[in-house]
Amino acid sequence: MTPERWQEVKKALAGALERTPAERRAYLDQACADDSLRREVESLIAAHEQGDSSFMERPVAGNNEALKPGTKLGPYEILSRLGAGGMGVVYRARDARLERDVAIKVLPLGLLADKATRKRFRKEALALAKLNHPNIAAVYDVGEQEGTDYLVMECVPGRSLAEEAGSSSLPEKEAVELGLQIATALEEAHEHGIVHRDLKPGNIMVTPKRQVKVLDFGLAKILRAADDSYSTESFSQARDMAGTLPYMAPEQLRGEPADARTDVHALGAVLFEIVTGQRPYREESVFQLTEAILHRQPVTPRAINARASPELERIILKCLEKERENRYQSAKEIGVDLRRLSAPSVVTVATAVHPASRRRVVLPLASALVVALAVAAGAYFYFHRAPKLTEKDSIVLADFTNTTGDPVFDGTLRQGLSVQLEQTPFLQLVSDDQIGQTLRLMEKPPDTRLTPEVAREVCQRTNATTEIEGSIATLGNQYVLGLNAVNCISGETLAGEQVTANGKEKVLAALTTGAAELRSKLGESHASLEKFDVPLSQATTSSLEALKALSSGYQVAGTSGSAAAIPFFKHAIQLDPNFAMAYALLGRMYGDIKETSMSADYTRRAYELRDRTSERENYFIAASFNMVVTGNMEKAAQTCELWAEAYPRSADPHMFLGGIIYPVLGQYEKAVDEGREAMRLNPDAALAYYVLMYHYTAVNRLDEAMATYQQALEHELNHPTFHTGLYMIAFLQNDAAGMAQQVAWGAGKPGVEDVLLALDADTAAYSGRLSAAREFSRQAVDSADRADKTETAATYSALSGLREALFGNADEARQRVALAVGRTTSRDAEYTAALALAYAGDDRKVQVLIDDLDKRFPESTIVQFNYLPTLRAKLAVSRGNASEAIESLRATAPYELGKASGTIYWGALYPIYVRGEAYLAAHQASEAAAELQKILDHRGIVGNEPIGALAHLGLGRAYALEGDTAKARTAYKDFLTLWQDADTDIPVFQQAKAEYAKLQ
Amino acid sequence: MCPEPSAEISQLLVNWGLGDQEARDALIPLIYGELRRVARRHLGHERRDHTLQSAALVNEAYLRMVRQEPPQWQNRAHFFGVAAQMMRHILVDHARNRVAAKRGGAAPRLSLDPEIGVAPAEKQELDIVALDSALNKLTALDPEQGRLIELRFFGGLSIEDTAVVMSISPATVKREWATARAWLRRELKRDAEK
């Protein structure tokens, strides 16, 4: 078909479609000049006639924009918007046929999702239409147009009781009269088997003639029924909670079916309010309010309004009885009692009362809050299916509101809920790091209690969408847990859950149940729920106290660092010796402060208990096990990759990969990538910046390293490791003042000072100032000891021994190594000691250490592919077997740039250095030069280690061997310049000078 | 830190309303991004009722974008014009990806629940990919009519709003809508019979 042809066809088709089928033939006879046009049009008409009439009828996308005045809905023309509620927008409209105004409730788009639901809705709406009573606003019609469903009702002039009463009380007679009319309306409806279920002042209109019209009879039910298509199972109490909370009856809160007596309760609450100006229960939070309705006796109306009669009080309190059996059994009975109270003249008297003459009282804030919460709760009950979460939403957990008086719940439940929610990749919690940062921006201390208000602000500021509030209260010997997910932007309640526990020891189990329900309501699929369903008591601990200790430890680690958190995790283990995650975290904390033996011990224990963990914890433990116990970094990397895949929004696997794994493998570019990813996922985790800063430095991208530091500052992040990073950057830029500044910063800071002193020792040694280096090393050892970093202290001793050995002071080396070896079984300290002894010529001792390392770390990537080949090669060189040395070092090739950890600067590039020496010994000069040049080319990795300086000397020797005197001289000169202030008694220095002299 | 996209979009809408065509060009990627973001939220883990999600999707994206300072209606109309186009891309892409994801499986239906798989057989749902290609054919025949369908069906505009956006009368919208529907229906039927 051509466009021109289509225009012709379209014209004829439009004309045909505007006509009735009967008229079409005659029309087509006249409109279609040729047969083919006619056939075309007829075929289109057939298509129009045949198919599903709903074809494209409902837009695939649509808007809920207000209907504009003049819009037609069926026979009704929209005049103005009257208001909006949970059940849709209400318009005033004109029914032109009957020349009357109607109220049209336009249901939320999509509420009646399919034909069956719509059919059921219509059926029930028409049942409502049968209610014909002067005190009930009539339902006239239901309709649907272009996918918009609407309900047509009587348009009632006047104001609702909510609007008109405010919080002032009405004179008793008027209250009784209104109550009587409401009771009559209820009586009529109940006789038709219709329960209101949502009676509240907002649904009770009072016309200017003081006639009551009750609105929305039964709507709560039918709309909810329409909504039932959503969920076929696992729906809890919320189902029948359609009324607005303050007016709800206990049975509704318990999720039991409503009956006429449910409306009796609501009427009691309404009467209470119009008589006293207050609601029967004034609790502020949804949870407390719920609890009050369920279990607390209301204050007596006369305690608030002494002028109320004892009889009216009795009527009201009888309506408000908790057990339905104790209430009036029907609205009719209330009517009888109310009528007895009212004099025949009541109606006239009531009419005579001018509303303006009533004292208006400002609504107290507390009750305003109740209203707000109730509205939120109400919105949830109606809308519980629509606004759910997806993987893009992040969640802020508020602290639990604990009204039990038992402090064990403080922190614990939040922690427990966090474990429960975090085990699924479906949900992403805003990390505690990020919360701490945000609190700082809010100028609040990082340990500020996350009340719902604070949490909501944090939620908004972190661009999260959802805040989850929790509460716990006692109820006799039961505990009631409430969970509420709130959209922190709109304040709308997305899902709520309430669970009870028979006793304290069942609280965690109840929390598990509640969390699962909440996850389901927030939209998690059943498959996912089933997959990630390890109960809290199993996944974490059955001990509340232990969980509390863990949660405190988390907090302390976030604010005061890893070392400070250790006692908390230890306490958690005392309380529950099977608490896998506490062991794992203890292992991580020790790992953070480089106490690798302790780290390995605790991590191993966590690994043994790993059956008792959630999926997410399991990844953490498995990765930790491979990193710190076996040291198998290839496996660790695989675990982290799986972890990152399963939990794409978790920064942890990237932190492990970037901070610990790739550096060992010598893949610093990859470490940079992972650091960047960790930073993207958790821009408030200081460690992510630190990982990135270190590895930019490693790959000689100092500007980017500095920029990362600046970014961290912009996020108001700080961490001791930043200063060691800055120190190294200053070193690489030959910035003595910059280094001094960092050392000064660290002075007196336990656990930090020693690292900077040790760095300064290496810097001194780098330029041959050996006595200064010794002094700094001594101070570093002392400082580490003072900070209880035994293993670190031993490592410093070993490092200073290695330095002495490399410089030719074998005895000095042995002394220092002896200090180290007796003190620790640490893998890295042992290797450093062994290397020092190898240079000192104690080959037999070296062999013992090699065997020990080999035996203890058969899987460790760094031991097997870096440490042992290097040590064996060094021994071979000493024995004069250079080719064996070179052969041994072949194993290191893939990882030769690696170092024990991304977080320290020691131990890197020795495979290359020893290989260079081996080539020298084998008289393969150019190969030797190439190796030594490699060290000079990787300044960012070798940093200020002694071999960084000695590589110049080695290069000079290689060129000399090659016969390239000019190059050799340059290299020697580089070394001697570097060592211009060196202590003159260093053997290697004397050798270098002598060799250089010979080159002249 | 970075300005909310919505603020920027609002401003561009206003500028576009004032006749700035560059603003329109700048709007497209922004709106697309915003809709994609919202779409992902809604399409990922929602239930069967795709229509509801999509409606919510546009509404939410739209409301987010303009809530700070609602521009003139004219701008909103413009906005929906672009939004409709974007919605179409998103939904069609989504449906296509499903086909890709379920290679060898059932043909994609708009209402497939990703968790459940195939919608119940009795529910005759619209094949969005087929509709898209039918609509492309129609647009080739009649670009304005194609745009109208896009606005109505993918943008969810009412007859009146469509009329405003396209500067034609509501009666014309109705006529064009009816004929286009007939044409599309026939096209889809033919397609299905192939």
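Since numbering matters for finding things, residues count from 1 along each chain as its sequence is written, while chains are lettered from A and ligands numbered from 1 in the order in which they are written. As for the ground rules of the predicted model, local features need pLDDT of at least 70, side-chain atom pairs count only at pLDDT 80 or more, and totals for chains, interfaces and linings use all residues.

Chain A has 47 helices and 14 strands; helices (H or I, at least four residues) and strands (E, at least two) are DSSP runs, numbered from the N terminus. Of its 1000 residues, 56% count as buried. Here a residue is buried if 20 or more other C-beta atoms lie within 10 Å of its own, exposed if 12 or fewer, and partly exposed in between, with C-beta atoms placed from the backbone. Contacts are judged from C-beta atoms too, again placed from the backbone: two residues are in contact if these atoms lie within 7 Å. Among contacts in chain A between residues at least 6 apart in sequence, 63% join residues at least 24 apart.

Confidence comes next, given as pLDDT (the predictor's confidence in each residue, from 0 to 100). The mean for chain A is 81, and 86% of its residues reach 70 or more. Over residues 61–65 of chain A the pLDDT stays under 50, and the model has 18 contacts for them beyond four places in sequence. Residues 226–243 of chain A are below 50 as well, with 47 contacts in the model beyond near neighbours in sequence.

Now for the inside. A nonpolar core is a set of buried Ala, Val, Leu, Ile, Met, Phe, Trp, Tyr and Cys residues joined through C-beta atoms within 7 Å. The largest one has 223 residues, and F569(A), A582(A), I661(A) and A836(A) have the most contacts inside it. Helix α30 (residues 686–698) of chain A gives the most to this core, with eleven residues. Apart from it lies another core, of 73 residues, including Y91(A) and I334(A). Back in the largest core, A836(A) touches A798(A), G801(A), L802(A), A805(A), A813(A) and V817(A), leaving out residues up to four places away in sequence.

Three strands of chain A make an open antiparallel sheet in the order β7-β8-β9; strands pair if DSSP finds at least two bridges between them. β7 (159–160) and β9 (212–214) of chain A are at the edges, each with a single partner strand, so one side of each has no neighbour in the sheet. Two bridges join β7(A) to strand β8 (residues 204–206) of chain A, and R159(A) has V206(A) in β8(A) as its bridge partner.

N866(A) sits in helix α40 (residues 861–878) of chain A and counts as buried because it has 30 C-beta neighbours inside 10 Å. Beyond four places in sequence, N866(A) touches T892(A), Y895(A), G898(A) and P911(A). L37(A), in helix α3 (residues 35–50) of chain A, has 18 such neighbours inside 10 Å and so counts as partly exposed. Its contacts, setting aside neighbours within four places in sequence, are E8(A), V9(A), A12(A) and C32(A).
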